[in-house]
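I opened a new page in my notebook for this one.

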Amino acid sequence: MNKAAKKFLTFFILIATISVAKAKEQKMLSIEKPLPALLTKKLILNSDLLNKVANEITAKDIVEKASKKISGIVSWYADKFHGKKTSSGELYDKEGLTAAHKTLPFGTKVKVTNTRNGKSVIVKVNDRGPHTKSRLMDLSRAAFSSIGSTSSGTLNVEMEIID
């Protein structure tokens, strides 16, 4: 498949995914569930390529490839976790620029921008979480402080995967 066809297919699947999310009245795409194969089969009748794509590509993959920004709420780790092991095996450093995400691979670099003041920080995913369903990520204290005040507890942000 050539580059133009891949881009078109990625764009098409992204639009279909957004339509499904809106139809289900979801406020944010789920990046944990694969795309519904039934939907894609209905849109393009029995394409072997599309069947393969529907089974192998997740919404997370599409967002990563399209460099799409995802909006959501972030919080920060409490100081009590400083020095404790993260899911990746690294020790949590409240002064480091790190984050917890539910599904992104460890080591992924993410640009997080505060939508209220425009300040951004680049963090490395090294832990799993947050364990609150409505939150997009947990940031280290230093990362959170660089884009907002920890006294607020949470921030509205845009997240963009950069590496």
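Here are my entries, topic by topic.

**Ground rules**

I am working with a predicted model, where local features need pLDDT of at least 70, side-chain atom pairs count only at pLDDT 80 or more, and totals for chains, interfaces and linings use all residues. I number residues from 1 along each chain as its sequence is written, and side-chain values use heavy atoms, with hydrogens and water left out.

**Layout**

I looked up the helices and strands, which are DSSP runs numbered from the N terminus (helices are H or I with at least four residues, strands are E with at least two). The chain has five helices and six strands. Read from the N terminus, the order is α-α-α-α-β-β-β-β-β-α-β.

Next I checked burial: of the 163 residues, 37% count as buried. Buried means under 20% relative accessible area, exposed means over 50%, and partly exposed is in between (1.4 Å probe, protein chains only).

I also looked at contacts, meaning heavy atoms within 4.5 Å. Among contacts with a separation of 6 or more, 68% join residues 24 or more positions apart.

**The barrel**

How do the strands run in the closed barrel? I traced six strands as S1-S5-S2-S4-S3-S6, with mixed pairing. On average, neighbouring strands of this sheet are turned by 45° against each other, direction ignored. My angles are between axes, which are lines fitted to C-alpha atoms (for helices over the stretch in contact), and run from 0 to 180 degrees between N-to-C directions.

Two strands pair if DSSP finds at least two bridges between them. I noted from class that strands of a sheet pair through backbone hydrogen bonds, either parallel or antiparallel.

- S3 and S4 are antiparallel over five bridges, and Val112 has Val121 in S4 as its bridge partner.
- The S3 and S4 hairpin has five residues between the strands, and there Gly118 takes a positive phi near 80°.
- Strand S2 (residues 98-100) is parallel to S4 over three bridges, and Ala99 has Val125 in S4 as its bridge partner.

Leaving out residues up to four places away in sequence, Met137 touches residues including Ile73, Val74, His101, Val123, Pro130 and Met159.

**The rings**

I found three aromatic pairs. Rings of Phe, Tyr and Trp (its six-membered ring) pair if their centres lie within 6.5 Å; planes under 30 degrees apart count as stacked, over 60 as edge-to-face and the rest as tilted.

Trp76 and Phe144 make a tilted pair, 6.4 Å centre to centre with 45° between the planes. What does this pair tie together? Trp76 lies in strand S1 and Phe144 in helix H5, so the pair links parts 68 residues apart in sequence. Trp76 is partly exposed at 22% relative accessible area, whereas Phe144 is buried at 0%.

The ring centres of Tyr77 and Phe81 are 6.3 Å apart and their planes are at 75°, so I logged that pair as edge-to-face. Tyr77 is buried at 8%, and Phe81 is partly exposed at 36%. Tyr77, Phe81 and Tyr92 form one aromatic cluster.
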